[in-house]
Amino acid sequence: MDHILAKSQQYGGETLAAHTWDVLVKLSDLYRLRPRLDNGSQLWHCLYWAAFLHDFGKAARGFQQRLRGGRAWSHRHEVLSLAFVDAIAHGFTPEEQRWLVAAIVSHHRDEPEIAETYPPGLRRDPLVDLCNELEPQVIDHLQRWLTECANPWRDLLGLSDVVKCIQPKPVQVAADRLRNWLQVYHNWVRQLASTPGAARIPGILLRGLITSADHMASAHLRCMPPPVQDSWQTLAARAFPGQQAYTHQRQSAEVSPQSALLMAPTGSGKTEAALYWALGDGTTTPARIFYTLPYQASMNAMYDRLRHTFGDAAVGLQHGRAVQALYARFHEGEEWSAGVRRAQWEQNLNLLHARPLKVLSPYQLLKALFQLRGFEAMLTDYAQAAFIFDEIHAYEPERLALITGMMRYLRERFAARFFVMSATFPQLIRDHLGAALGNAPVISASPDIFARFRRHKLHLRDGELTDPATVEEIATTVRAGKQVLVCANTVARAQEMRDNLARAGLTDNHLVLIHSRFTYGDRNRIEQDIRTRCGSNVTPRPPLALVATQVVEVSLDIDLDTIYTDPAPLEALLQRFGRVNRKGAKGICPVYVFCQPTDGQGVYGRDRDPQQAGHIVRVTLAELERHNGETIDESAINQWLDAIYDDSILHQQWTDAYRRMAQQIDLIINGLHPFKSDEQREDDFERMFDGVDVIPQCFEHEYVNLIVEERYIEANNYLVSISKQRFAILRNQGKIRPAEEVGQRRVWIAHLPYDQRNGLSFDDIAYDPDWS
């Protein structure tokens, strides 16, 4: 069999036998990861035999010639592999035969493409020509291999308990038998279309598992990293020595087998509580742990934190710019090519679903529900997994409806469990989460913890953040040696505040600005600078004004002395406050909230009616007025939130938005259909994201040169994301044009000023749709 290849020389020249063995090894790894996934069915039995046969069709004459540099081959090798199903079909029930055939024939292409390639009823059946591609001697080789090796390999891989022994029968490779098994497959796919729900799960698992095993083998992944197997006590002793676990952390570990909600103050160890929940007492190892966060800055920071805790091999990072973040971490001290290779390999491991602990955004998870290509493998990777959702408050009602719909589906169909945590849980949100998670218990930090984290005194200020007197006050505070957080709701206001503070006498050493409109390269540099200067464990702490937008709100482990902030909804304000006096070690620190403007600044409470725009901000300010001058009682925060959401207009707006999207997500889930990806839904998914990448004009030359040199990761460090609305405005103004000399890559040049201190600037600041 050594002369029969599975891969061309470009991909290692691997033999068919070697590749098949590697696929079976990866399948056995996947079995050990989730041994109870079959739920009493013959799932692993069907998958083993399907994996053994899945590439037999590659022995075709035309396919082998193509691998050796010959002309293209117009057939599908996985269809030809069905010619050998007759040899083992007697070892399966009719239902299992459907599963076997589907796993074999679907491991590369969707069912509609297979149907289009081999339609029935033609005068000359194309399956006749396909069968003629197998020479008699090759058929004998394949038959002997199946007869002599399949059962012993099953034993060597430790699969004897779940894979039945079958004595293969001789086969006759014939077009009518291929047509029979193809029809079995097509009939089952059509049947699934009319029977949604649980009936579709076997198809999802079959395709997800065989494609995962095949892709891991093709990528030459030597072995899958083992799942995280610590108990929570072991993790606590190793990663947090000398720290006494809080009551809410121990309670989180105790409810580990089920989903749960946690309410605890920012800085009180919610991350530790979530990890303790995921691991439990160590008797039931989670197949996968997914840690979700809403912003890339917080994802990058959590990735670094978890790598330090669990090691590089255990943790992956997945978001739209993960490769840039990984390259920024790996290229130091290495040649650029080594850093690129490592970053790309890390990305491949994420696509292969190999990392046992992954930091990502919920939108990466939602790809599976939108039936994008490979969604079956994604859903399979979510089976029996532990999901941590940090800072659930950050999502608008429409996005929250998508997330809770996904939670419900994964819990009901894939035995997933969820840990949702926040410092704030208004009853409105808690009710919807409870419905999605099956009335999960609510864990709350103890009263003494809430009392210990009374660390902020609220001060409402008349006027605006940008008022000259406020700018001078901030500058004076910094010159006095303090670290001040200045939080604006839009990029334009943040840039304005940085310039105002510079004019007030603060130097570049005293000023750091972060928002979404820096290049990705500068953004990574700034995030690292912030961690170095403002991290909660940093000493000594240089005087500083950190000017930021919402990107600082979630899970950045920084600790400043005070904050001056634009008005915003209470959840956002509390997260901003959480970056001040984070551990409560500074006594009671002042936090300043300005009362103007009250229109939401195009960010909060958007509405076409100017009288309604920003309503949530005005309701929040009215509630804060009741507590002005008080030390904030963290245990009373949810009562404040409930009072805010009890406002009739706000409650109706929130409920209507949530309900509309909840109905859509139900339709999306009911339309999930294995063996069929959906390009139209890919467009629907992309419409969820309000961003277009552009290149500032000053970097066009560097970008083009890097593209010509095929140094794509470094080239992407010059990209800046702006909103689609702003892109349209700039294009109409003639300030956006296509880049030149970049081949097939669609890239736009922005004729706008850019500098490393302020990022990309727009000429007008009256209305800024770019707000993060």
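**Entry 1: the model**

I am working from a predicted model, so I keep in mind that local features need pLDDT of at least 70.

**Entry 2: the sheet**

I began with the strands. I found an open sheet of six, in the order β8-β13-β12-β9-β11-β10, and the pairing is parallel. At its edges I noted β8 (456-461) and β10 (511-514), each of which pairs on one side only. From one strand to the next I get an average twist of 15 degrees.

Next I followed β8 to its partner. I see β8 paired with β13 (residues 589-594) in the parallel sense, over six bridges. Which residue of β13 is the bridge partner of His 456? I looked it up, and the partner is Cys 589.

**Entry 3: helices on the sheet**

I found α23 (residues 491-503) lying across β9 (483-487), β10 and β11 (544-548). Against β10, I read the direction of α23 as about 170 degrees.

I also picked out α25 (residues 570-577), which packs on the sheet and touches β8, β9, β12 (562-565) and β13. Its direction makes about 150 degrees with that of β12.

**Entry 4: the second largest pocket**

I moved on to open space. For the second largest pocket I have a volume of about 1,100 Å³. Of the 41 residues that line this pocket, I listed the closest to its centre: Glu 272, Arg 305, Ser 536, Asp 557 and Lys 583. I then asked which elements give two or more residues to the lining. They are α11 (232-239), α13 (270-279), α14 (296-310) and α24 (520-534). I marked α14 as giving the most, with six residues. Sorting the lining of this pocket by class, I have 15 nonpolar, 14 polar and 12 charged residues.

**Entry 5: cavities**

How many cavities of 30 Å³ or more does the structure hold? I have three. Among the residues that line the largest cavity I noted Gln 296, Asn 300, His 319, Arg 321, Tyr 520 and Glu 527.

I see that α14, α15 (322-330) and α24 each supply at least two residues of this lining. The largest share comes from α24, with four residues. By class, I have three nonpolar, five polar and three charged residues around the largest cavity.

**Entry 6: Pro 441**

I found Pro 441 in the loop between α20 (427-436) and β7 (442-444).

Leaving out residues up to four places away in sequence, I have Pro 441 touching Gln 258, Ser 259, Ala 260 and Leu 261. Pro 441 and Ser 259 are 182 residues apart in sequence, yet I get 7.4 Å from C-alpha to C-alpha.

**Entry 7: His 186**

My last stop was His 186, which I found in helix α9 (residues 175-193). I count His 186 as buried because its relative accessible area is 7%, and buried means under 20%. Setting aside neighbours within four places in sequence, I have His 186 in contact with Glu 111, Ile 114 and Ala 115.

Key: Residues numbered from 1 in each chain as written. Predicted model: local features only at pLDDT ≥ 70, side-chain atom pairs only at ≥ 80, totals over all residues. Heavy atoms only, no water. 1 Å grid on protein atoms, 1.4 Å probe; cavity = no way out; pocket = protein on both sides within 12 Å on 5 of 7 lines; lining within 4 Å. Points joined across faces, edges and corners; volume = space filled by probe spheres on them. Nonpolar A, V, L, I, M, F, W, Y, C, P; charged D, E, K, R; others polar. Pairing = 2+ DSSP bridges. Axes fitted to C-alpha atoms, helices over the stretch in contact; angles between N-to-C directions. Contact = heavy atoms within 4.5 Å. Buried < 20%, exposed > 50% of the residue type's maximum accessible area, 1.4 Å probe, protein only.
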